[in-house]
Amino acid sequence: MKNFADKETHKVYQQKFSKQLPPTIQRLALRKLLMIDHAETINDLSLPPANHLEKLSHDRQGQYS
């Protein structure tokens with residue numbers, strides 16, 4: 001089971017309609033969530049370059065954006 005801090009993100013991942021997000025955003029978000037879910041390593045998320053994967057610092061150390 002996946003854990004989500006946001007209920008609307010969880011709905012999108014489950015492919016359930018969210019009334020709070022536009023449908024176009026939901027399709028894009030689902031594609032990105034599936035990319036994250038299928039990644040085997042953090043480097044898998046660096047492609048395509050438009051993702052702008054970068055390591056965070058300070059109080060977000062160990063996290064990526």
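**Exercise 1. Find which residues glutamine 26 is in contact with, leaving aside its neighbours within four places in sequence.**

Solution. Contact means heavy atoms within 4.5 Å. With those neighbours left aside, glutamine 26 touches Val12, Lys16, Phe17, Ser18 and Leu21. Helices here are DSSP runs (H or I, at least four residues), numbered from the N terminus. Last, check accessibility. Glutamine 26 is buried, at 8% relative accessibility. The classes are buried (under 20% relative accessible area), exposed (over 50%) and partly exposed (in between), with a 1.4 Å probe and protein chains only.

A note on the model: it is predicted, so local features need pLDDT of at least 70 and side-chain atom pairs pLDDT 80 or more, while totals for chains, interfaces and linings use all residues. Residues are numbered from 1 along each chain as its sequence is written, and side-chain values use heavy atoms, without hydrogens and water.

**Exercise 2. State whether alanine 50 is buried or exposed, and locate it.**

Solution. Start with the location: alanine 50 sits in the segment after helix H2 (23–38). Its relative accessible area is 59%, so alanine 50 is exposed. Now take a distance. Valine 12 is 38 residues away along the chain, and the two C-alpha atoms are 22 Å apart.

**Exercise 3. Identify the salt bridges and say where their partners lie.**

Solution. Apply the rule: a side-chain nitrogen of Lys or Arg within 4 Å of a carboxyl oxygen of Asp or Glu. The count is two.

- Aspartate 37 pairs with lysine 2, with closest N and O atoms 3.2 Å apart. Aspartate 37 is in helix H2 and lysine 2 in the segment before helix H1 (7–13), so the pair ties together parts 35 residues apart in sequence. Aspartate 37 is partly exposed at 31%, and lysine 2 is partly exposed at 39%.
- Lysine 11 pairs with glutamate 8, with closest N and O atoms 3.7 Å apart. They are separated by about one helical turn, because they are three residues apart in helix H1. Lysine 11 is partly exposed at 32%, whereas glutamate 8 is buried at 12%.

**Exercise 4. Classify the aromatic pair of phenylalanine 4 and tyrosine 13.**

Solution. Rings of Phe, Tyr and Trp (its six-membered ring) pair if their centres lie within 6.5 Å; planes under 30 degrees apart are stacked, over 60 edge-to-face, the rest tilted. One pair is counted. Phenylalanine 4 and tyrosine 13 are 5.3 Å centre to centre, with 40° between the planes, which makes the pair tilted. Phenylalanine 4 is partly exposed, at 27%.

Terms used. Helix = DSSP H or I, 4+ residues; strand = E, 2+ residues; numbered from the N terminus.
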